[in-house]
Amino acid sequence: MSFDLVIFDCDGVLVDSEVISCRAHAATLTRHGYPITPSGVLKRFLGVSDREARQIVESEIGRKLPDTFEAEVKQATLGFYADDLSAIAHVGDAIAALDLPKCVASSGTPEKIRHGLDCAGLYDQLAPHIFSAVQVKRGKPAPDLFLFAAEQMGANPVRCVVIEDSVPGVTGARAAGMTVLGFYGGSHCTAEHEDMLRQAGAAVTFADMRELPGLIAEIGAKTPVA
């Protein structure tokens with residue numbers, strides 16, 4: 001096998017949280033004068049870091065959001081997590097079946113990532129190798145976070161395989177020179193989601209985490225060793 005590292009996105013890949021996050025984000029933005037629905041947040045900001053999503057909104061409304069904005073979104077999100085969050089089906093078994101180093105590279109804040117993984121019962125399987133967009137200058141779709149994760153894990157980017165559910169994530173991983181598997185099995189995924197991931201550059205797409213170990217082995221065997 002030519003892969004040395006598996007990099008997981010978090011929201012929508014490990015934890016089925018995108019719908020929850022969008023509800024919290026939409027409610028907070030609407031309260032601060034930027035009316036938007038959860039589906040609107042999903043369409044516009046899926047895979048984009050909180051920092052960059054805020055910059056986009058502030059540019060459109062011509063003013064700064066309050067300093068408490070991130071804390072408000074976080075409080076709303078964590079409140080929903082406690083009641084509604086679950087792991088993506090079968091992902092724990094898929095992680096356990098992978099005999100390769102693994103890490104997380106997520107657009108979320110470290111606190112949000114840890115809380116989500118804790119609630120879903122996945123934190124101990126992946127800690128301490130958890131990396132956040134706040135650790136790099138540019139979030140997805142830039143390649144910075146993926147390159148940072150590979151560097152921290154001592155892996156050559158071309159020997160990394162990334163599991164992503166968003167177009168910005170696929171774009172960033174491809175820009176980093178990595179192979180990407182597009183996952184469209186989260187509750188937020190629409191009928192068009194698979195095609196979007198393929199068009200962004202995913203090598204293969206799948207909706208069932210039970211397929212993941214076999215897909216990585218199959219693609220790894222076909223990928224030239226760098």
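Helix α11, residues 212-222, lies across β1, β4, β5 and β6 in this predicted model, and runs at about 155° to β5.

| Helix | Residues | Strands it lies across | Angle |
|---|---|---|---|
| α11 | 212-222 | β1, β4, β5, β6 | about 155° to β5 |

Now for the sheet itself. Six strands make up an open sheet, and you can read them off in the order β3-β2-β1-β4-β5-β6, with parallel pairing. At the edges you'll find β3 (130-132) and β6 (204-206), which have a single partner strand each, so one side of each has no neighbour in the sheet. From one strand to the next, the twist averages 25°.

Strand β5 (residues 179-183) is joined to β6 by three bridges, and the two run parallel. Phenylalanine 183 has phenylalanine 206 in β6 as its bridge partner.

Next, the nonpolar side of things. The largest nonpolar core has 34 residues, and those touching the most other members are Phe8, Leu14, Leu117, Ile163, Met209, Leu212 and Ile216. Two or more residues come from each of β1, α5, α6, α7, β4, β5 and α11. Our opening helix, α11, gives the most, with four residues.

What does phenylalanine 8 touch? Leaving out residues up to four places away in sequence, its contacts include Val13, Leu14, Ile95, Val104, Leu126, Ile163 and Leu212.

Technical notes:
Residues numbered from 1 in each chain as written. Predicted model: local features only at pLDDT ≥ 70, side-chain atom pairs only at ≥ 80, totals over all residues. Heavy atoms only, no water. Pairing = 2+ DSSP bridges. Axes fitted to C-alpha atoms, helices over the stretch in contact; angles between N-to-C directions. Contact = heavy atoms within 4.5 Å. Core = buried A, V, L, I, M, F, W, Y, C linked by side-chain atoms within 4.5 Å. Buried < 20%, exposed > 50% of the residue type's maximum accessible area, 1.4 Å probe, protein only.
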